[in-house]
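Me: I'm new to this one and would like a close look at a single part of it. Could you walk me through the charged pairs, and then what sits around them?

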Amino acid sequence: MRYLIRRLGFYLLAAWAALTLNFFLPRLMPGDPATALFARFRGRLGPEAMQALRETFGLTEASLVSQYLTYLGSVFRGDLGISIAYFPSPVADVIGTGLVWTIFLAGTALVVSFTIGTLLGIVAAWWRRGWVDNVLPSSLVFLGAFPYFWLAMVALYILGFSLGWFPLGHAYGDDLTPGFTAVFLADVVRHAALPVGTVVLATLGGWLLSMRNTMIAVLGSDYVNLARAKGLQPSRVVLRYAARNALLPSVTGFGMALGFVLGGSLLTEIVFSYPGEGYLLVQAVRNQDFPLMQGIFLVITLAVLGANWLVDLVYLWLDPRTRDSVS
Amino acid sequence: MSGATTQATGIAAWRDAIRRDRKATIGAVMLTVFLFIGIFGPWLVGDPDTLVGIPLQPPSGEHWLGTTGQGQDVLSQLVVGTRVSLAIGFAVGLAVVLLGALIGVTAGYFGGRVDGLLSLFFNVFLVIPGMPLAIVIAAYLPSGPLTLGLVLVVTGWAWNARVLRAQTLAQRQRVFVAAAVVAGESSFRIVTREILPTMTSLLVAQVVGSTVYAIGAQVGLEFLGLGDVSAVTWGTNLYWAQNDSALLTGAWWTFAPTGLCVALVGFGLTMLNSGFDEITNPRLQLERAWRKHLLQRGKEPTRSTPVVMDND
């Protein structure tokens, strides 16, 4: 339990660091931040909106400390300012429209890639120098060298544009109304196949190699030899004795990969005009919509921190040593 | 004098090691080809910004890789982009490791409260997602190679710091470091002369790995339009391809070659690194020695553990 609370403390600290970074970023701009930031909005926003934005960001005449406190206060109320690109919607509302899609896309890709990659890693390690072990690692590492979004472009060009097997973009057909109907869900899966597939393809190699290398080390250890000498079924030796222990580094890696895969899938979304945070982000960049950009950064960071804490829970369940050392 | 000769044997040793390992050789050859293209290529192709013909022409004898949506030659853009992208990639790769080494080694060497504070610092940076942070910072600063480099260093150094801290911590316990401390050498000298040299292969591997990261992240940011979009780099080439709707007009030649080059460089660097790993990792070396030994005796090598040899 102490372990979990310590981790929670760490994530809270990281969240505070992200908030503080977010506060200081506009002030990094060359020249006077308030003038520079608001010069871009002039003519697009009315005086009241400007004043509201000013207060949200704490860009007032007050001292830096009180600006900082004002900013923290508004973030805790869920007030992230007003979007420029989607004026006059509040940033929080704009982000809300995309969050489900991003979590769906990145989450599915991560889980699918982790599962398949880890299983392939077990296979490669068990049948050492078999065809899986000889062919897959290097070809997947080659695929992993491509930028995610470029693989997405190629897949979209070949499978979507040329062959017409998959839709060219968006999360579901324009003619459907969202709801938990079989038709709608099937359409969502059809639209997600290419974006998820390309991210999976690009990240599979990492999981495979990580699992394979740890498995090889674990398979050489004494307790696995003992299990084999006892005449246990190979499947039991592989899964219960070796794989469970070899999984630990991969689970640690899962937490690390979260942020990375999310970053990559943001770019993939752009290629597919997928209505998630990545698509909103590019709109924000094009329109210099700083409130929206910063809001997306904050929300994504918080999501990653939360997911990391869940990974810690899984780790606790997998590795009894973390439980023993703290009780 | 002796410094110069050890340097030479050091590099010669690496060169021999690369030549002995097949993966490392492939990686080194691929990398050399791209370095040549990056250094000499721009003089051989024309100005990449000149409008040479009708936009979106497919590859032909005149334009080997076709023309862009603006009517520029794709091949010249690709070659000129190679120079800029590789230069930023290697510079950032080096800078990231230097910063990581500075913080990681300091934390590992001094330990205690310094370690606690610095470890907290890089762990926080590790858990904050890099891409969104990079995007926000890059959007605020004036666009250009310097901003891009800065952003990539800020979001990329933490992992190296963590690895180097762990390594320093392990070396710190060794007897030769204790001897140097007793001999009254300064901390700076112990770190630079005693500890860092034991990590040379790790540092080289980190520079190579960080360069892969830097090239990928740089292309991603530029694809978003966060680089200098008037410059010619791999990332901006892809940005313009996407902007000119290359996909929906079927102009595959405007984006396919660039991505392929990014991947080939990344793959070459990764191969070089896994080759280094085989060279410097004693476990893998031992395994290879066993394998060779068994094959010479006409035995099929199985999982290489002492158990196998006992049966032999």
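Me: Which side chain meets A:R128 in a salt bridge?

Reply: The partner is A:D133, and the N to O distance is 3.5 Å. A salt bridge here is a side-chain nitrogen of Lys or Arg within 4 Å of a carboxyl oxygen of Asp or Glu. Side chains of opposite charge can pair when their charged atoms come close.

A quick word on the ground rules. This is a predicted model, where local features need pLDDT of at least 70 and side-chain atom pairs count only at pLDDT 80 or more, while totals for chains, interfaces and linings use all residues. Residues are numbered from 1 along each chain as its sequence is written, chains are lettered from A and ligands numbered from 1 in the order in which they are written, and side-chain values use heavy atoms, with hydrogens and water left out.

Back to the pair. A:D133 counts as buried, at 8% relative accessibility. (Buried means under 20% relative accessible area, exposed over 50%, and partly exposed in between, with a 1.4 Å probe and protein chains only.)

Searching the whole structure over all chains turns up six salt bridges. One of them joins A:R190 to A:D187, with the closest N and O atoms 3.8 Å apart. Both residues sit in helix α8 (residues 182-219) of chain A, three residues apart, or about one turn of the helix. Helices are DSSP runs of H or I, at least four residues long, numbered from the N terminus. A:R190 is partly exposed at 41%, whereas A:D187 is buried at 11%.

Over in chain B, the side chains of B:R165 and B:D115 meet at 2.6 Å, N to O. B:R165 belongs to helix α7 (residues 158-172) and B:D115 to helix α4 (residues 112-127), so this pair ties together parts that are 50 residues apart in sequence. B:R165 is partly exposed, with a relative accessible area of 21%, and B:D115 is buried at 10%. As for A:R128 and A:D133, they join A:R212 in one network, through salt bridges that share partners.

Now for the nonpolar side. A nonpolar core is a set of buried Ala, Val, Leu, Ile, Met, Phe, Trp, Tyr and Cys residues joined through side-chain atoms within 4.5 Å. The largest one has 162 residues, and A:M215 is among those that touch the most other members. Helix α10 (residues 234-271) of chain A gives this core its largest share, 17 residues. Apart from it lies another core of 12 residues, including B:Y109 and B:M199.

Technical notes: Helices (H or I, at least four residues) and strands (E, at least two) are DSSP runs, numbered from the N terminus.
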